[in-house]
Amino acid sequence: MRSAVNKNTIRNAVAIVAGLIALAVFPLLSGNPYYIHLVETIMIYAILLFGLDIVVGYTGQVSLGHAGLFGVGAYTAGVLFMKLGMPFYVTAPLAIAVTAGFGAILALPALRVSGPYLAMVTLAFGTIIQILINEMDFLTSGPLGIKIPKPAFGGARMNETEYYWLVAALLVVSLVVVHRVLKSHLGRAFEALRDSPIASDCMGVSVYRYKVYAFVISAGFAGLAGCLYSYSEQYISPNTYNFELTILFLLAIIMGGRKTRSGALLGSTIIVLLPKLLDDIASFRVVATILAVAVVLGALFALARHTTTPRRVAIPVLGTAGLAAFSYRIDALTDWRLTIFGLMILLVVYYLQDGVVGFVRKFFMHGRVRTVTVSTEQPAEIVADAIVAVRDGSREDILNVRGIVMQFSGLKALNDVDLAVRRGTIHGLIGPNGSGKSTMMNVLTGIYTPTAGSIEYAGQPLAGRTSADIALSGIARTFQNVQLFGEMTALENVLVGLHHTFHSNFADVGLLSRRYRAEEHAARVRAFSMLRFVGLDGVAGEEARSLPYGKQRLLEIARALALDPQLLLLDEPAAGLTAPDIKELVTIIRKVRDHGITVMLIEHHMDVVMNVCDTVSVLDFGQKIAEGRPAEIQADEKVIEAYLGGIAA
Amino acid sequence: MAILLQLIYSGIALGMIYAVIAFGYQLTFATSGTLNFGQGDALMLGALVGLTLVTLGVNYWLMIPLVCLFGLAQGAFVERIGVRPAIKIKSEFGWIMSTIALGIIFKNVAENVWGRDDLRFPSPLPESPLHLFGANVLPMELLVVGGALLMMLAVEFFNRKSIFGKAVVATSNDRDAAALMGINTGLVITFSYALSSLTAAFAGVLIAPLTLTGATMGAVLGLKAFAVAIIGGLSSGMGIIVGGVILGIAETTTGFYLSTGYKDVPGLVLLLIVLAMKPAGLFGKTAIKKV
């Protein structure tokens with residue numbers, strides 16, 4: 001296993017070095033300014049696509065405004081040069097900052113709601129940017145455009161080849177920064193909020209905040225790319241940054257392959273070369289024919305292996321064959337360019353969801369598509385006791401719920417419930433199905449805003465605070481229907497829970513500062529210890545969704561404990577567990593309590609409840625009908641009636 | 001003062017068009033939680049098909065039902081090709097991208113069929129303005145307002161009174177429950193797309209005599225109608241009419257007092273402000289997420 005990892009690392013290193021050398025010597029070997037410029041454009045687009053992939057691939061949002069952001073970057077550089085004569089090393093950082101600022105203005109309102117809002121708002125933004133560039137001619141000289149020479153350093157102006165090297169260097173820097181960010185706690189937050197927004201919020205990773213963060217970072221890269229583009233073309237005009245360019249960017253991301261850097265590079269190559277290809281009908285015919293043959297062969301191959309049905313392959317086969325036939329029918333393609341982009345998008349969206357890179361990987365590795373994997377090697381030192389003990393000697397109640405009402409239009413899921421939970425105890429919450437137990441948890445963690453009543457946690461009111469904020473103040477939870485981050489490994493899931501231990505920002509991560517490295521190392525060690533605490537250290541590198549159900553429940557507990565909670569809410573942790581697993585669970589719950597952490601337990605397994613709880617509250621139809629020691633509850637007539645029905649008269 | 005009143009009149013007419021398109025967004029959003037990003041292109045196709053029919057000698061009033069039929073077919077096509085596969089794999093990214101892709105294909109095909117230049121749509125009503133409270137108003141503008149209101153009322157009436165309409169409402173309320181009651185929810189979603197494109201195509205032939213007709217006319221209209229749908233609330237019938245009128249007037253006044261170049265700007269600004277202050281829209285209800 002070790003040697004295989006090493007072999008891979010060596011192979012990767014060799015590939016990277018070879019790629020860098022090829023990139024560096026290309027202009028010397030080629031010598032043709034046309035090709036040098038072409039590769040330069042590919043690299044500039046790739047920088048933008050690295051950023052766009054953070055939004056589209058990782059957080060799963062659709063942005064139709066990246067052409068507009070690209071334009072903002074280009075015009076920031078252009079205007080600063082034209083009006084103030086500023087040099088490159090001033091315009092480039094300012095282009096990044098201004099574009100990131102525009103990104104924030106867009107994302108702050110648009111991301112308050114989920115769904116297609118961001119797509120529409122960014123689409124509107126793209127339109128407006130084009131209008132503004134056209135209209136504000138006192139600043140941008142409108143449709144006339146701006147001329148801008150290659151940057152000069154110390155009086156000497158760069159030539160095409162030197163500028164190529166500058167772009168190549170910035171491409172490599174962007175690649176490294178994006179890679180580091182996505183591997184860090186930030187990247188984990190982006191992926192987590194996509195997999196399960198609710199669980200992210202309840203782990204103290206504010207979905208809204210990190211979506212905006214991702215969009216702003218992404219806008220920054222678009223700004224850098226725009227700035228480089230203006231110097232590369234030496235002339236900018238409003239019509240470049242149109243809807244068509246936005247569509248091309250998205251096509252590049254999904255066609256190349258989401259969540260991979262190689263996909264972004266491949267995608268940008270495709271979108272730079274594609275329009276050139278469409279200009280030349282003869283070569284387009286050749287490519288269309290090859291594509292049709294490839295799709296037909298692929299379909300036949302898949303049919304032979306029984307991995308698909310004739311119905312499913314019919315559309316792509318007919319589509320590509322039709323495209324090939326179409327290319328022989330017409331003389332010029334330029335008029336049909338958008339139709340071809342549209343068809344390609346449809347094809348990719350439905351038949352090549354992981355893009356070319358993902359497809360090739362699946363084909364050759366038969367494996368999962370993952371690029372940013374964490375090393376799952378066990379750290380040398382493991383803390384014996386990873387859980388932070390709560391040592392608060394006070395005897396008062398940690399949680400005080402008074403007169404809570406939660407109303408869903410006609411239905412009162414909770415009706416005037418009082419609940420007091422003593423610090424350091426295990427408090428059971430039971431009741432028949434639909435009695436309001438889970439609603440209570442959702443109210444306590446800020447997912448629902450109660451209609452009336454007050455909640456006091458550790459002496460502080462919880463009213464009006466967000467889920468993420470409540471989580472950070474020390475209330476952790478698990479979910480009745482497991483809400484793990486499915487595509488992340490068990491270790492990464494716990495690391496998301498440890499997000500609050502990171503204080504590093506974007507710059508720390510990009511520069512790999514000492515602070516960030518220390519935090520990452522400490523988090524990793526603790527995450528391993530957490531997994532060991534629940535007995536999952538053996539599966540640290542497994543994807544959460546591939547774990548057996550019982551282990552998923554334990555992983556949720558480990559993730560919740562990573563939040564260093566004072567109060568742990570467990571929502572039916574024993575559901576679906578086998579008898580030995582339940583025994584294990586009871587031991588874990590007791591150990592957690594022994595660390596001074598208060599536990600609130602919703603459970604249907606009465607033996608578990610009666611076994612571990614110090615106090616039990618019973619809900620029925622949204623009202624508390626009984627409370628007391630387990631033995632008292634077992635003897636309570638109201639409780640028996642709620643569970644078994646009344647005695648017939 | 002007369003100028004302002006006149007701007008308000010044309011703003012209202014424009015706003016009603018936005019309201020009708022926004023109404024189409026609401027129809028599909030209610031049944032399937034998806035939107036047709038090519039709604040503006042559905043409008044454009046309706047207008048161009050209508051223009052061709054009128055040029056062929058079909059009477060304007062006779063042409064309207066034919067265009068509505070075309071809209072039905074176009075909407076059903078978009079749903080089958082672009083939306084249904086995405087709903088099946090539960091991919092938001094999928095339907096956004098595929099409706100955009102279909103939109104640009106329609107636009108490009110229209111450019112190749114009808115040309116890139118804007119065409120004039122002959123007005124079915126006299127083009128001499130009427131006087132109303134001291135300002136001029138075109139008879140066509142009155143027709144737009146009346147037609148738009150009638151269209152929305154007709155669909156609402158259909159949804160509330162007919163049994164098929166009840167299936168639509170049931171699907172909007174709870175798709176799974178409706179499916180379990182034996183309603184073919186797939187068909188209902190297809191139907192809602194057909195209906196939504198029908199309203200867009202209808203809006204196209206209403207607005208065409210007031211503006212120019214061309215392949216590019218739809219994109220901006222569709223976008224601003226979305227702003228209206230958000231400002232009013234994606235679930236409120238009253239909201240889109242108020243939102244449409246607000247935006248329409250904001251636009252005509254900006255165009256007159258500032259510059260026609262800036263007339264598309266207030267829509268986005270309003271959109272951003274509403275999203276920041278009240279994301280569910282002025283008249284919408286905040287949805288409760290279930291865990």
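This is a predicted model: local features need pLDDT of at least 70, side-chain atom pairs count only at pLDDT 80 or more; totals for chains, interfaces and linings use all residues.
**Entry 1. The six-stranded sheet of chain A**

I looked up the sheet to which this pair belongs. Strand β10(A) and strand β11(A), the latter covering residues 567-571, pair in the parallel sense over 3 bridges. I then traced the strand order and recorded β10-β11-β12-β7-β13-β14 in chain A. These 6 strands form an open sheet, and the pairing is mixed.

Why is one side of β10 and of β14 left without a neighbour in the sheet? I found that β10 (475-477) and β14 (623-628) of chain A stand at the edges; each has a single partner strand, so one side of each has no neighbour there. I also noted the twist, which averages 20° from one strand to the next.

**Entry 2. Helix α17 of chain A**

I next asked which strands helix α17 of chain A lies across. This helix takes in residues 437-444 and lies across β7 (426-430), β10, β11, β12 (598-602) and β13 (615-620) of chain A. Its direction is at about 145° to β11(A).

Between β5(A) and β8(A) I found antiparallel pairing over 5 bridges. Leu399(A) stands opposite Tyr457(A) in β8(A). Strand β8 of chain A, residues 452-457, is joined to β9(A) by 2 bridges, and these strands run antiparallel. Here Glu456(A) stands opposite Pro461(A) in β9(A).

How many residues lie between β8(A) and β9(A) in their hairpin? I found 2 residues between them, and Ala458(A) in the turn has a positive phi of about 50°.

**Entry 3. A helix pair in chain A**

I turned to helix α13 (residues 281-304) and helix α14 (residues 310-329) of chain A, whose axes come within 8 Å and cross at roughly 165°. Angles over 145 degrees count as roughly antiparallel; α13(A) and α14(A) are therefore roughly antiparallel to each other. I noted that their crossing is left-handed.

I listed some of the residues that meet. Those of α13(A) include Phe284(A), Arg285(A), Leu291(A) and Val295(A), and those of α14(A) include Pro310(A), Val313(A), Thr320(A) and Tyr328(A). By class, the residues of this contact of α13(A) with α14(A) divide into 17 nonpolar, 3 polar and 1 charged.

**Entry 4. Chain B as a whole**

I then moved to chain B, whose secondary structure comes to 11 helices and 4 strands. Its C-alpha atoms fill a box of roughly 55 × 45 × 35 Å along the principal axes. I compared its radius of gyration with that of a compact globule of 291 residues: the globule would be near 19 Å and chain B has 19 Å, so the values agree.

**Entry 5. A helix pair in chain B**

Within chain B I looked up helix α2 (residues 39-55) and α9(B), and found that their axes come within 7 Å and cross at roughly 135°. That angle makes α2(B) oblique to α9(B). The crossing of α2(B) past α9(B) is right-handed.

Among the residues that make the contact are Gln39(B), Asp41(B) and Leu43(B) of α2(B), and Met217(B), Leu221(B) and Ala225(B) of α9(B). I recorded the classes for the contact of α2(B) with α9(B) as 8 nonpolar, 4 polar and 1 charged residues.

**Entry 6. Where the chains meet**

Finally, I looked up the contact of chain A with chain B. Chain B gives 33 residues to this contact and chain A gives 38 residues. On the side of chain B that touches chain A, α4 (92-114), α9 (217-232) and α11 (265-277) of chain B each supply at least two residues.

Which helix of chain B gives the most to that side? I found that α4(B) does, with 14 residues. The residues of the side of chain B that touches chain A comprise 25 nonpolar, 6 polar and 2 charged.

Definitions and conventions. Residues are numbered from 1 along each chain as its sequence is written. Chains are lettered from A and ligands numbered from 1 in the order in which they are written. Two residues are in contact if their C-beta atoms, placed from the backbone, lie within 7 Å. Ala, Val, Leu, Ile, Met, Phe, Trp, Tyr, Cys and Pro count as nonpolar, Asp, Glu, Lys and Arg as charged, and the others, Gly among them, as polar. Two strands pair if DSSP finds at least two bridges between them. Axes are lines fitted to C-alpha atoms, for helices over the stretch in contact, and angles run from 0 to 180 degrees between N-to-C directions. Angles under 35 degrees count as roughly parallel, over 145 as roughly antiparallel, 65 to 115 as roughly perpendicular and the rest as oblique. A crossing is left-handed if the near helix is turned anticlockwise from the far one by less than a right angle, and right-handed if clockwise. The radius of gyration is taken over C-alpha atoms; the globule rule is 2.2 Å times the number of residues to the power 0.38.
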